[in-house]
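Please open the structure in your viewer and keep the selection tool ready.

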Amino acid sequence: MEKILENKKIMLGNEAIARGAWEAGVKVSSAYPGTPSTEVSENLVKYEGVYSEWAPNEKVATEVAIGASLSGVRSMTMMKMVGLNVAADPLFTMGYIGVNGGMVLVVADDPGIYSSQNEQDTRMIGRAAMVPVVEPSDSEEARVFTKKAYELSEKYDTPVILRTTTRLAHSQGLVNLEDRVEPADKVYERNIAKNVMMPGNAIKRHVFVEQRLKQMAEDACTLDINKVEYKDTKIGVITSGIPYQYVKEVLPEASVLKLGLVHPLPKSLIKEFAEKVDRLIIVEELEPVIEEQVRAMGIECDGKNIFTVQGEYSANMLREKVLGEKVEVAQPAEAPARPPILCPGCPHRATYSVLKKLKIHAAGDIGCYTLGAVNPLGVVDTTVCMGSSISTLHGMEKAKGKEYVKNWVAVIGDSTFLHTGVNSLMNMVYNKATGTVIILDNSTTGMTGHQDHPATGKTLSGEEANVVLLDELCKALGVKNVTVADPFDIKKFEEIVKTEVAKDEVSVIIAQSPCALLKSYTPAGKCFEIPEKCKKCGMCLKAGCPAITKKEDGTIAIDQTLCNGCGLCMSNCPFDAIGLKKRGE
């Protein structure tokens, strides 16, 4: 019994994917952090025999994995679903080229939009790229299917997408641990017709891709990760991924066709299954990817006519939609509203306080600082995708003129700037734009859990690395006006903003102050209120720091368990009614 327990471990889905990659003999991994995929890389780097890195963005990461695959080793890249949009360029062409060593892209979808700007379905991207998609339904399958994905990759000469979701990535399950099996490196052979996608070669490879998918669809009918569970044939369910768990809970006696390979679909197996059940139901989160193909086969089924295309599914949803049961859900206890807000001591709050005072709008980007859109700060007006803030500002200037953008800035984080903001800034300079870009440099990739990037001086494995100097990089792009400033020096920062937005050319302000949650960050101390000086003006409350509350008598109270002494409230108080007790005093 002890030996059996030694070979089992409870793991997050992301942990299990990393374990499966290691067991499969993966040698190279490159990724950009993106919730809910981040922990795959953070776990994979712990294993010996695998080189793992953070790349500046998903396109670069995918190309690194491509290079490793072409050289003859098994490689992996990981990203969230919107990251696949960034990686789509190399992916679509790699679908034509194929692989040498196996290559897997782990892509995490986010049904319910817990940490994303949209709710896209990776299976649709896989179909468009003509790349197979594998989808596990629990942590053990996450490990097993990862290994299977490499087998499929090398057998059919194709990159493979391993699709996961937030629920799978961050839920735990019992995983069987197996040894690493490291296949011999594939021999690299120069093959221009296969690896150089100029038009004449691409036309021929397109024919290969179509044949490959047709063969995979036929072989999928006997593939072990596609399983048929025949029970009561009154109801038959076709499903995959996490929704399989809901189906088994609510319809334990129903017949189920559980798909592990969700693209291409096993058409013959689906037709055979459909013929044996009285009512066919397709249970899939997000888009009707399986359903539309089943209907195209001429098979009647229920799907999105009874289910939603939005958000996560649940067992209760199936009970209501399939069984007609009205489930009584206990009402949660009422709690005070807690809107999303920047952390105490966050340097972005200081930047936004200045922008709000000056009544300046901000074109926003993807990161913690997106919270500058909500009250009480309320200065961020747009958020589209990584790196878009700078290009959005540029578009505004070209549409409305120089004077218009003097009431606007673009805000972007240090990691996001290196992700895709660099090209946007280059475009502004090249096209003789006017506008001010504020790089919110908090020395980390904050939103996804404090990962390093090229400007932090550390790699994924924690090794010292060359540091990209953001100010020097901006100057190298041709920006003449580059200023590095501490946003907590409110008066000076305000003057800098006024000066830069008034200019008729591109300027960059690097608001440089570390994230208050970094382990290396040392709080200044604790702020404290001085009630006898308080005039109840509320100026200290305008920045929205959660450490400050208003008492019944109108004076304020500072929660010492939350405050880290950033001093923003002191700067905003015109009556010196807030003091600072420094560390050690």
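What follows is a list of selections, with a note on each.

This is a predicted model, in which local features need pLDDT of at least 70, side-chain atom pairs count only at pLDDT 80 or more, and totals for chains, interfaces and linings use all residues. Residues are numbered from 1 along each chain as its sequence is written, and side-chain values use heavy atoms, with hydrogens and water left out.

**Stop 1: the sheet.** Select strands E9, E11, E10 and E13, which form an open sheet in that order with mixed pairing. Strands are DSSP runs of E with at least two residues, and helices are runs of H or I with at least four, numbered from the N terminus. Two strands pair if DSSP finds at least two bridges between them. At the edges, strand E9 (227–229) and strand E13 (279–283) each pair on one side only. Now keep E10 (residues 232–239) and E11 (residues 254–258): they pair in the parallel sense over five bridges. Ile238 stands opposite Leu257 in E11.

**Stop 2: Ser353.** Select helix H15 (residues 347–357), where Ser353 lies. Is Ser353 buried or exposed? Ser353 counts as buried because its relative accessibility is 16%, and buried means under 20% relative accessible area, exposed over 50%, partly exposed in between (1.4 Å probe, protein chains only). Beyond its neighbours within four places in sequence, Ser353 is in contact (heavy atoms within 4.5 Å) with Leu377, Ala543, Leu568 and Asn572.

**Stop 3: Ile192.** Select helix H9 (residues 192–195), which holds Ile192. Ile192 is partly exposed, with a relative accessible area of 36%.
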